[in-house]
Structures are given as structure tokens and as C-alpha cells.
Amino acid sequence: MSTRMPRHLISIDDLDRAGIERVLDRAESFAEVSGREIKKVPALRGRTVVNLFYEASTRTSSSFELAAKRLSADVVSIRSAGSSVDKGESLKDTIRTLSAYDPAAIVIRSPQAGAAQLVAGWTEAAVINAGDGKHEHPTQALLDVFTLRRRFGSLDRLNIWIVGDVTHSRVARSDILAFTRMGADVTVCGPPTLIPRQIEALGCKATPTLDHIAEADVVYVLRMQHERMTQAFVPSLREYAARYQINQQRLRPDQVVMHPGPVNRGVELSAAMIDSPQALIGDQVKAGVAVRMAVLYELLVGSPVLAAVA
Amino acid sequence: MASPSGGLIASPKLFCTPRPGVDLLIRGAHVLDPRGELDQPHDVLIRDGRIAEIGAVQSIPADDGVDVVDGTAKHVFPGFVDPHVHLRTPGQEYKEDLDTGTAAAAAGGYCAVVAMPNTTPTVDTAAVLGSLIELARRDARVPVGFLASITRGLRGEELTEMAELSDLGAIGFTDDGKPVVSAGMLRKALQYQRLCGGIIALHEEDPTLSQDGVMHEGAVSARLGLAGIPSLSESTMVARDAALARYEDARVHFQHLSCVESVQALAAAKAAGIRVSGEASPHHLTLTDDVVRTLDSRFKMNPPLRSEADRRALIDGLRSGIIDCIATDHAPHAVHEKEVPFEQAPMGVTGLETAFAALYTELVVSGELELATVVERMTAGAALYGLPTPRIMVGEPANLCLIDLEARFEVGEDGYVSRSPNCAFHGRTLFGRVLLTLAAGAVAYRRPMLVTTAAPTHAQSRSAQTAGAEADR
């Protein structure tokens, strides 16, 4: 457990298996904090965390904000609407400006792949990627692994299917990397128009049908975005739902269902499935705060010595 | 022509600042002209900008007024000719202009370049071309030839006044940066070529396949979540346009080929006797999409860097001659334009200053290609466009470069001569430093530390320091 944490969290590739486990172990202790009446620890008192969101987000932005606050950091949250970003300021100039406040961490979500990595080159702060284009969303993958580890104890040899629009999903990319790194077997499934050519290079299998979904221990369902239909990736949401919707007719009760949210009820998931006990969607949201506290803590405070104690 | 070097510019369709012909003796350099017999150390004497004598080492005396360069352990090649550069003038001079672009060319050993018309405004009228030619006569350090656009504003809808543009000095036509999407439109241009002459050069891309792609479609794009540009976006258009060229008995040139399938389509067209040619860039010959994993926008260009199999096919094509020549597709962009996330960055990389060193280091030193082949392909663009090929022969205007193959350097360590630093080889260690470039009989580039000894009488006025400081501006 003496694994070194990276300076930034840009990609799941920044963490080896021991690094992921270290974050998850830390998250377990913060989950305990979240169960207390006073949900706050002084770990980041006097330090500043900037949340910079260039894209709409409910779960990720609110859980990062809450995570930083529960660690007693001063938090500045900036959204592109109404900020100087809308006035044409470049990302570099925005980061230079924010860096003048000497933040300990900058959490950034951007519609562009590689944005967090660029930011890391322009600031002294630790940079956490809260989603960059269709590239990666590492904290989502960590909270997904956290949720699965709690449920199954370990991901080793767990059979996980990721179903839906893989092409446009940063969650799918980070999850494939994180799940396989933790020992799981991953299969991606979706319309051939929404599965990237050579996705197998990431270490997963790919299939265009749900025919063998019975193999899965876990079915991770991706959000089907309506705008993909107008780009003719699928003929209609109706046809998509007919072929790929995850519902109780298609799964056994012991197969677990996950989704990164927000869900399109009745498209990728049936309403009954969302509300069924086999869905871990609520657990994922709950894990979000503890895991993001752990990421902030490990990047800003954590040391190998402390990890050994944990 | 009134200008002193007028007679030294080898074509009426090349334009540059007139400069006096140089008097220079390059002593003992290994002279390699891939089209001739020369492939050993020689003395080369240049008088009034023309090659006056080629003799055994130490056989030519340094006469009065002749500077002497010690070429021992260095190479002299015919000056390179780049059939594909973007000089950004008119309209985008903050990226590059005729002065900086041709200075970069000279620093890379080029003695002539062919500029693309996708400027602002487009080079699609005689008025724009005429003013550009005047600018080149004022600012260009090496001769520049101009292509005009095939269609007005590169919109792919109406032909430009190709005959008038040709008469004024256009050496050919291209909508480079964009494909001519409509086969019907291109067919008309090919028919019109019978009237106006001039090569028609094609950027091949089917936009319905490339769509909003920003890199090669493959394992790396799958990993990065970037929209891919499949190889067949290019190769299907090469095949289509070769068929059109055959039907109209036209002469077309395929620009910046990037993939196996395009090389195959070009080979098939040549085998069928169609009048086609093709070029490949140093970056496509030496890099693959694997470098895009860094998400560094220096590696973003169109067509994109492709797979190792594609790179190998380009090297094989270059060796066999299926691919006729090397073209840099030098495409400068300002720092602020490239310092953005990959998807937002403009397509294009610079290449004039590093083309030879990149190819020499990655392909010749590694044993993939003969040095003579690389030199031949770096000069072959001239003949394709009907321009004279630089030769190391007595009586020819001096169009040559002096290169130290042993000199090792880090790309960008001293900055760039180009106004823009978006070089795909930035930070790489390469061999093959250009020390001196003569273009149209005049010194176009001299590396500042290159020492010349003046022969006894006229010494001071043209010392190495003066010439060096000028070239180092």
C-alpha cells in the first residue's frame, strides 16, 4: 500500500490497481463520516478547491462541491454560463486567472477531450478530471468500482456488460479501464453504429446483441442521448429500446444493474427496473461524495505513510 | 528581366526577391545529385549564381572575391522543392507570410516552394493572384509558385477563371484544405484543363465519411473518444478521381496521401496508364496515430496520422516510386490557436524546417530508404508541376543545400524560423542540419555559425558574420 498517488487525476491510467484500492479504502472511511450527524472533517481547512464546469452537470458538480465542503475546503464553483468563459476568454486565460487564487485543486469538466490535461500544464494546482469530452470520467469509474466492491467484495472475474452508446460515452471508457484493472471481464454491447471500431484494444469484448446477457453478473447501462438519433446513429429510440432496453424480462433478479445517470426512463432502462432492488443507481450517487472526498484527500493530503494506516 | 537574378529563377512561374548571384566555393563536400553520376566529395565553384565548375577536392583555386566554405564531411544536395505549403498570405499573416514562410523553407534546404490558395481571400481571381505575385517579388527569399483554386471560394460550385489565372502565372489548381466533393464539378475542371493546362491537385476526402472526425479512426480514437476519420474517406475519393481523370484523359495529382488503400488506388491508376501522381508528407512517413495519445494538438492535421501499416505502405510507395514526391503540407497556426483542447485546435503542422532531418533520421539512418531516394523525392515535386528540377551541374543556376548529416539537434531548441511553432517533430532529436541554402543563385539561408573564409581581396563586405546575422533575423 505504499503506492504513490499521481499529482493529478486525469485518466484511470494514472492509477494502478493498488492506487485504485487506496482511494477506495480511503473512501470507505469517508463514507463513515457521511453517516455522522456532523459530516465534516478538517482535512482541507484553509485550502481552496475550484470547480470549473463547462458542461451541464448535476451529480458530478454537486458531489464534488459537497466533497470539498465536507473536507472543510473553501469552494469556488464556476459554470460557463454567466462567467468570462462566455465572453470568449480562452481556457488558458481562465486557468491563469483562477490560479491567482492559489487553489489546491481545480476540478474541471469540459466538452473537449484533453482539457483537464492541458489545464494541468498551466497551473500549480492538482487537477481532477470531472469529465473531458468523450474521453474519460475517472471519478465516475472509481465510484462505480467502489459500489461494486461493496456489493461483491471484489471485482476479480466479475462479468460486467456495458450496454448502450459506447462511442459517445466517457463513462464507458473509464469504466472499461477501471473494471479490467480490478480483474473484471468486460463486454460492451450496443448498436454497431454506437460501438467504436477497435474498442477491443481497451481490453474488452464487443457484441451487437443482448443474446448472451445471461452471462453478466452486472449490467452497466449507458445513457442514450436523444441527439444521437438526429445524427442517425439509430433509426429511432423506439427501435433502440426494443433491442437494447434493460428490463426485468431480459435479466434475472440476481443480475445487478447500474447507470451513471441521468436516466431516460423507458428508453435504455424500464421504469420498473430503475426502481427495483437489483438497481444500484442510488448506491452509485451516494458513493459519489465519499469517493470524491477520497480523491481530493489523496491528491492533496495523502501520503504513503497515511495510506499504510488506512 | 531587369533584376540581377532574374535569369537565375528557372521558370517564369516562380517569383522571389531579386538578389545578386553569389560567388562561392564549397570545398570538399560530398556531392549527391540523385539524377546524375555525382556521389562523392568534390569542390563546387559558384560564380555569379551559377555552378561554374565541379572538380576534385582541393582542385579548384579560390579566386579573388570568392568566399570559401569548408564542406568536409558535409553533403551538397540539389535544393529541395516543396510542392505543398501554406504561406497564409493574404489574410492570415499572423500565422505566416511570404517572408517568414520562405525563410523557413530556405532553413530547411528548399530552393522553391508551391503555395496553396486557401488564403483569405482565396486565390481565385487574377486580382488576388496578381497582387500575391507582386508580394512574392518583394518578400520571397526562395522562388514561390502559386496554385489557384479550382472553384471560387473553395465552395465547390463554380470554376475559377482558370485560363486567365494560368496565363497570369498559376502553375496549377487545387481546392486544398477541402475536397472537390461533387464529381460533376471536378469533371468540368478536368475538361477545362485541356484549355488552360496546369496540374489539378486534389485533397481527397469524402466529408460524409470524415464528418466531424479529428484523428484516424482506429484503436487510438476508440481509446480517446475522439471522432475518427476512416482511411476510406480518402481512398474512395482517390479511386473516384482516378476514374474521372481516365475518362477525361486529364492530369491529376493526389495531395498528402496517408493510407494503404490510397497507395493501392494510386498504384492501380498508374498501372492502368492514367496520368496521376501522388505525394506524401514527412509526418505521415515517420509518425503514427499512436502519438495522438498525448492529445497534443501538434499532432492534429488533415489527413490525420494513421496506423503503422499505413506508414509502411507510404514508405514502400515512396521507395517504389508509386508515390512520386515528398511534400510537407507546411501549415502554420498561431500558438493561441493550437493551445486549446485537441478537438478545438485547427488542423495542420509546420514542416519545412524539419522535413529532411526527420526523413533522414527516421528512414535513412534506420535503413528503410536510400539517401539518394529521399533526395530524389524531395526534389521531384518540381517536374510534376512543370518546373525545372534543381541539378548539380555546370551551367545550372545554384539551387542547392549544404547539410551536415552528423549534426544532431533538438527540434525547436533555437525556436523556429517560421512564424508558427506547431511542428509535429518539436522536441525530437534529429540528425541532418541544414547549413546553407542557395536558391536561384543567391544565399537564401546560412546557418549563423557557418564559417566562410573570404578569399584574399574583397574580404570585409561579405563576412560570415554579416551574412549570418542577416539569415538569422
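1. Let's start with chain A: its secondary structure comes to 11 helices and 9 strands. Please keep in mind as you read that this is a predicted model.

2. How does the overall extent of chain A look? Its C-alpha atoms fill a box of roughly 55 × 45 × 35 Å along the principal axes. For 310 residues, a compact globule would have a radius of gyration near 19 Å, and chain A agrees because its own value is 19 Å. Of those 310 residues, 50% count as buried. If you take the contacts in chain A with a separation of 6 or more, 72% of them are between residues 24 or more positions apart.

3. Now have a look at the sheet in chain A. Four strands make up an open sheet with the order β2-β1-β3-β4 (chain A), and their pairing is parallel. Which strands are at its edges? They are β2 (74-79) and β4 (126-132) of chain A, each of which pairs on one side only. On average, neighbouring strands in this sheet are turned by 15° against each other, direction ignored.

4. Strand β1 (residues 48-53) of chain A runs parallel to β2(A), and 6 bridges join the two. As a place to begin, find Thr48(A): its bridge partner in β2(A) is Asp74(A).

5. Chain A is also divided into domains. Where they meet, 22 residues of domain 1 of chain A are in contact with 21 residues of domain 2 of chain A. On the domain 1 side, α1 (17-34), β4 and α10 (281-300) of chain A each supply at least two residues. By class, that side has 9 nonpolar, 6 polar and 7 charged residues.

6. Moving on to chain B, we find another open sheet. Here 8 strands follow the order β6-β7-β8-β9-β10-β13-β14-β15 (chain B), with parallel pairing. Strands β6 (80-85) and β15 (325-326) of chain B stand at the edges with a single partner strand each, so one side of each has no neighbour in the sheet. Inside the order, strand β10 (residues 199-202) of chain B is joined by 3 bridges to strand β13 (residues 252-254) of chain B, and the two run parallel. Look for Ala201(B), which stands opposite His253(B) in β13(B).

7. Which of its residues are on the covered face, and which on the uncovered one? Asp67(B) and Val69(B) belong to the covered face, while Val68(B) and Asp70(B) belong to the uncovered face. Strand β1 (residues 24-32) of chain B runs parallel to β4(B) and is joined to it by 4 bridges; Ile26(B) has Val69(B) as its bridge partner there. Strand β19 (residues 452-454) of chain B runs antiparallel to β4(B), with 3 bridges between them. In that pairing, Val68(B) has Thr453(B) of β19(B) as its bridge partner.

8. Is Gly28(B) buried or partly exposed? Gly28(B) counts as partly exposed because 18 other C-beta atoms lie within 10 Å, whereas a buried residue needs 20 or more. Leaving aside neighbours within four places in sequence, Gly28(B) is in contact with several residues, including Pro41(B), Val57(B), Asp70(B) and Thr72(B). The C-alpha atoms of Gly28(B) and Val76(B) are 9.7 Å apart, and these residues are separated by 48 residues along the chain.

9. Chain B has a domain assignment as well: domain 1 (6-76 + 396-471) and domain 2 (79-384). Their C-alpha centres lie 27 Å apart. The contact between them takes 37 residues from domain 1 of chain B and 52 residues from domain 2 of chain B. On the domain 1 side, the elements giving two or more residues are β16 (400-410), β17 (429-439) and β18 (442-446) of chain B. Of these, β17(B) gives the most, with 8 residues. That side of domain 1 of chain B has 25 nonpolar, 8 polar and 4 charged residues.

10. Finally, see where the two chains touch.

Key
Residues are numbered from 1 along each chain as its sequence is written. Chains are lettered from A and ligands numbered from 1 in the order in which they are written. This is a predicted model: local features need pLDDT of at least 70, side-chain atom pairs count only at pLDDT 80 or more; totals for chains, interfaces and linings use all residues. Two strands pair if DSSP finds at least two bridges between them. Axes are lines fitted to C-alpha atoms, for helices over the stretch in contact, and angles run from 0 to 180 degrees between N-to-C directions. The radius of gyration is taken over C-alpha atoms; the globule rule is 2.2 Å times the number of residues to the power 0.38. A residue is buried if 20 or more other C-beta atoms lie within 10 Å of its own, exposed if 12 or fewer, and partly exposed in between; C-beta atoms are placed from the backbone. Two residues are in contact if their C-beta atoms, placed from the backbone, lie within 7 Å. Ala, Val, Leu, Ile, Met, Phe, Trp, Tyr, Cys and Pro count as nonpolar, Asp, Glu, Lys and Arg as charged, and the others, Gly among them, as polar. Domain bounds come from an automatic or database domain assignment.
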